[in-house]
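Good morning. Please have a look at it first.

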Amino acid sequence: VPVLMNLMPAFLYALFISEIMGIGINMTGKVRYGLLSMLFVCIFGNLDAFVQLYQNISSAIIEACLPEESAFNIDWFKSTRVINGTINEFPYFSFLWGDLHPHLISLPFSALILFFALNLLKENISAISPFLRFYLFTALSLGSLIAINSWDYPIYLIVIILSVFIKSISEGMRSLTKSPILSSNTLFSCVKNFSLIVLPIVLLSLILWLPFLMNFHQARELK
């Protein structure tokens with residue numbers, strides 16, 4: 001068990017890095033932008049470490065001495081408290097800290113849902129008919145957040161709904177270029193496309209995780 005506990009953060013981090021890089025590549029079509037996406041999301045964080053490094057070296061220069069080893073020491077925990085009275089964790093810190101909290105475990109699954117949302121925006125709605133390719137995997141990933149970190153479920157459900165809404169509207173606007181008159185058929189087509197994607201995903205995300213929902217018991221009672 002201790003070995004698995006130590007390996008799990010590295011495994012989740014590898015999944016998260018590959019997914020964020022994949023999102024960057026799919027958005028731009030260029031590997032270098034995928035690498036940049038991975039660096040900014042998975043490593044750089046809020047850039048407080050660079051601010052600390054600059055302040056340390058500047059202080060050493062002002063004091064007219066060469067930067068000592070201490071000038072390059074970074075208070076990595078301080079980077080998560082950049083706003084007084086709040087916690088500002090970022091992915092690199094969370095994986096470096098290594099505690100398998102729900103917000104850490106959910107990161108690869110959250111990125112996977114973003115990947116599905118991006119795929120939805122890029123694909124033709126009428127072409128997303130294979131059940132296993134889209135509905136099942138999106139619903140399975142979305143529903144997993146109920147069990148992993150339930151706070152994330154409504155947030156990423158909204159992300160999926162917005163992506164479907166934007167895609168439905170864009171396809172409706174594309175049909176208006178052929179016929180500039182907004183007809184009832186166009187509105188019906190937008191509503192139908194939206195409903196036929198959102199409703200199955202929402203229902204499946206709950207049905208697939210129904211065993212968990214039926215057997216889950218709180219460890220503590222809320223007061």
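I74 counts as partly exposed because its relative accessibility is 31%. Buried means under 20% relative accessible area, exposed means over 50%, and partly exposed lies in between, with a 1.4 Å probe and protein chains only. Before going on, note that this is a predicted model, where local features need pLDDT of at least 70, side-chain atom pairs count only at pLDDT 80 or more, and totals for chains, interfaces and linings use all residues. Residues are numbered from 1 along each chain as its sequence is written, and side-chain values use heavy atoms, with hydrogens and water left out.

Where is I74 found? It is in the loop between α3 (48–62) and α4. Helices here are DSSP runs of H or I with at least four residues, numbered from the N terminus.

The loop between α3 and α4 also holds W76. W76 has 37% relative accessibility, so it too counts as partly exposed.

I74 and W76 belong to a nonpolar patch on the surface, together with I43, F77, Y92, L96 and W97. The accessible area of the patch is about 620 Å² in total, by the Shrake-Rupley method with a 1.4 Å probe, where for residues only the protein chains shown count as cover. Patch residues have over 30% relative accessible area and no salt bridge; like charges are joined within 9 Å, and nonpolar side chains (Val, Leu, Ile, Met, Phe, Trp, Tyr) within 5 Å. A salt bridge is a side-chain nitrogen of Lys or Arg within 4 Å of a carboxyl oxygen of Asp or Glu. Helix α4 (residues 91–97) gives the largest share of the patch, 3 residues.

Next, L47. It sits in the loop between α2 (31–44) and α3. Most residues other than glycine have a negative phi. L47 is not a glycine, yet its phi is positive, about 70°.

Last, helix packing. Helix α1 (residues 2–28) packs against helix α6 (residues 107–122) at an angle of about 20°, and their axes are 9 Å apart. Axes are lines fitted to C-alpha atoms, for helices over the stretch in contact, and angles run from 0 to 180 degrees between N-to-C directions. α1 and α6 are therefore roughly parallel to each other. With α2, α1 makes an angle of about 135°, and the axes are 7 Å apart, so α1 and α2 are oblique to each other. Angles under 35 degrees count as roughly parallel, over 145 as roughly antiparallel, 65 to 115 as roughly perpendicular and the rest as oblique.

Note on methods: Helices (H or I, at least four residues) and strands (E, at least two) are DSSP runs, numbered from the N terminus.
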